[in-house]
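Here is a short note for a colleague opening this model for the first time. Please read the points with the structure on screen.

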Amino acid sequence: MSRTRTARLRRLPLNAAATLTVLVCLFPVYWMISTAFKPSKDIQSSNPQLVPHTWTLDHFRTAVQADGFGMFWRNSLLVTASSILLALVVALASAYAVARLRWKGRRQFMLMVFIAQMAPWESLIIPIYIISRDTDMLDRLPTLTLVYFMVTLPFSVIVLRGFIGTIPPELEEAAQVDGCTRTGAFRKVALPLLAPGLMATSLFGFITAWNEFAYANFLIIKHQDSRTLPVWLSSFQNTFGTDWGATMAASTLFALPALVVFLLLQRHVTSGFAAGAVKG
């Protein structure tokens with residue numbers, strides 16, 4: 001038996017385990033999408049069908065025509081994009097200061113960043129709610145933007161700091177010798193090389209802000225027009241209970257933007273995350 005065949009046989013259990021893991025993880029997604037296309041009578045059937053025999057778009061029409069669909073979609077996009085841009089600007093400046101400059105308290109600063117990253121988001125709901133209530137910031141989209149910015153900022157600083165550390169400082173020094181200022185050297189030399197790190201942090205921030213439910217549900221109470229899509233997904237109720245067809249169709253539409261963003265940025269994600277894990 002050749003070495004190549006022996007190696008393949010040894011990898012067979014690992015490949016089988018990996019395939020099984022992928023199938024288990026993807027099955028709920030498949031069931032969500034297939035349920036969205038099933039007629040209501042098939043969804044409630046006592047004999048569930050793995051593959052729909054009859055396909056319908058009625059549930060998607062119900063979801064799209066639901067009250068507030070366009071408004072909640074706009075709210076989610078606005079809050080997500082604003083929090084990502086704000087986190088990138090602040091994290092980029094902070095990561096550059098930590099990676100390139102030498103100042104007293106730099107290690108303590110990064111320690112605090114790591115501690116903030118380890119803190120569970122759920123433990124901050126009550127303090128943030130009390131602060132928002134006392135400052136009259138409840139029921140406002142800027143409050144959600146600041147919360148999502150706060151949640152994604154530590155991770156963004158950590159990743160960008162590691163990525164900046166992989167760029168030789170001699171490149172910026174050479175640009176400064178040619179007449180660039182420190183800011184100009186960073187903008188013209190280092191910033192283009194940071195694209196993978198920026199893409200990775202943007203993807204993390206997008207998924208975090210786009211999918212977040214708890215803060216959006218607790219901080220937006222009275223003004224229903226300021227709610228976001230995750231909260232809107234819980235609105236498909238009727239006199240008979242949950243409209244599962246419309247809920248699955250709305251969930252499919254809700255998952256599409258995150259899927260599209262991931263497919264567009266996937267080439268940069270691995271290198272961006274790996275760069276943030278090395279170089280201290």
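1. Start with Lys38. This residue is buried, with a relative accessible area of 3%. Buried means under 20% relative accessible area, exposed means over 50%, and partly exposed lies in between (1.4 Å probe, protein chains only). Lys38 sits in the loop between helix H1 (3-37) and helix H2 (40-43). Helices (H or I, at least four residues) and strands (E, at least two) are DSSP runs, numbered from the N terminus. Leaving aside neighbours within four places in sequence, Lys38 is in contact with Trp31, Ile43, Gln49, Pro52, Thr54, Thr56 and His59. Contact means heavy atoms within 4.5 Å. Thr152 is 114 residues from Lys38 in sequence and 37 Å away in space, C-alpha to C-alpha.

2. A word on the source. This is a predicted model, in which local features need pLDDT of at least 70 and side-chain atom pairs count only at pLDDT 80 or more, while totals for chains, interfaces and linings use all residues. Residues are numbered from 1 along each chain as its sequence is written, and side-chain values use heavy atoms, with hydrogens and water left out.

3. Now the overall form. The protein has 13 helices and two strands. Its radius of gyration is 24 Å, well over the 19 Å that the globule rule gives for 280 residues, so the protein is more spread out than a compact globule. That radius is taken over C-alpha atoms, and the rule is 2.2 Å times the number of residues to the power 0.38. Along the principal axes, the C-alpha trace spans about 75 × 70 × 35 Å.

4. Of the 280 residues, 40% count as buried. Take the contacts with a separation of 6 or more: residues 24 or more positions apart account for 73% of them.

5. What is the accessible surface of the protein? It comes to about 16,600 Å², and 67% of that belongs to carbon and sulfur atoms. These areas come from the Shrake-Rupley method with a 1.4 Å probe; for residues, only the protein chains shown count as cover.

6. Charge deserves a look. The protein has 24 positive and 14 negative charges, and their mean positions are 15 Å apart. Lys and Arg count as positive and Asp and Glu as negative; His and the chain ends are not counted. Each charge is placed at NZ of Lys, CZ of Arg, CG of Asp or CD of Glu.

7. Which residues touch the most other members of the largest nonpolar core? They are Leu92, Ile164, Leu194 and Trp232, in a core of 42 residues. Helix H4 (residues 69-100) gives the largest share of this core, eleven residues. Apart from it lies another core, of 15 residues, among them Val79, Ile125, Ile128 and Val231. A nonpolar core is a set of buried Ala, Val, Leu, Ile, Met, Phe, Trp, Tyr and Cys residues joined through side-chain atoms within 4.5 Å.

8. Two residues show the packing. Not counting residues up to four places away in sequence, Leu92 touches Ala87, Leu160, Ile164, Phe186, Leu191, Leu194 and Leu198. Ala87 is found in helix H4 and counts as buried at 2% relative accessibility. Ala87 and Leu146 are 59 residues apart in sequence, yet 9.4 Å apart in space, C-alpha to C-alpha.

9. Check the loop between H6 and helix H7 (141-165), where Asp136 lies. Asp136 has a positive phi of about 60° although it is not a glycine. Asp139 is found in the loop between H6 and H7 as well, and its phi is near 60°, again positive. Most residues other than glycine have a negative phi. Is each aspartate buried or exposed? Asp136 is exposed, with a relative accessible area of 53%, whereas Asp139 is buried, at 10%.

10. Ser132 lies in helix H6 (residues 125-134). Ser132 is buried, with a relative accessible area of 5%. Not counting residues up to four places away in sequence, Ser132 touches Met137, Leu138, Thr143 and Leu219.

11. Finish at helix H13 (residues 244-277), where Val261 is found. Val261 touches Leu203 and Phe206, not counting residues up to four places away in sequence. The C-alpha atoms of Val261 and Phe206 are separated by 8.3 Å, with the two residues 55 apart along the chain.
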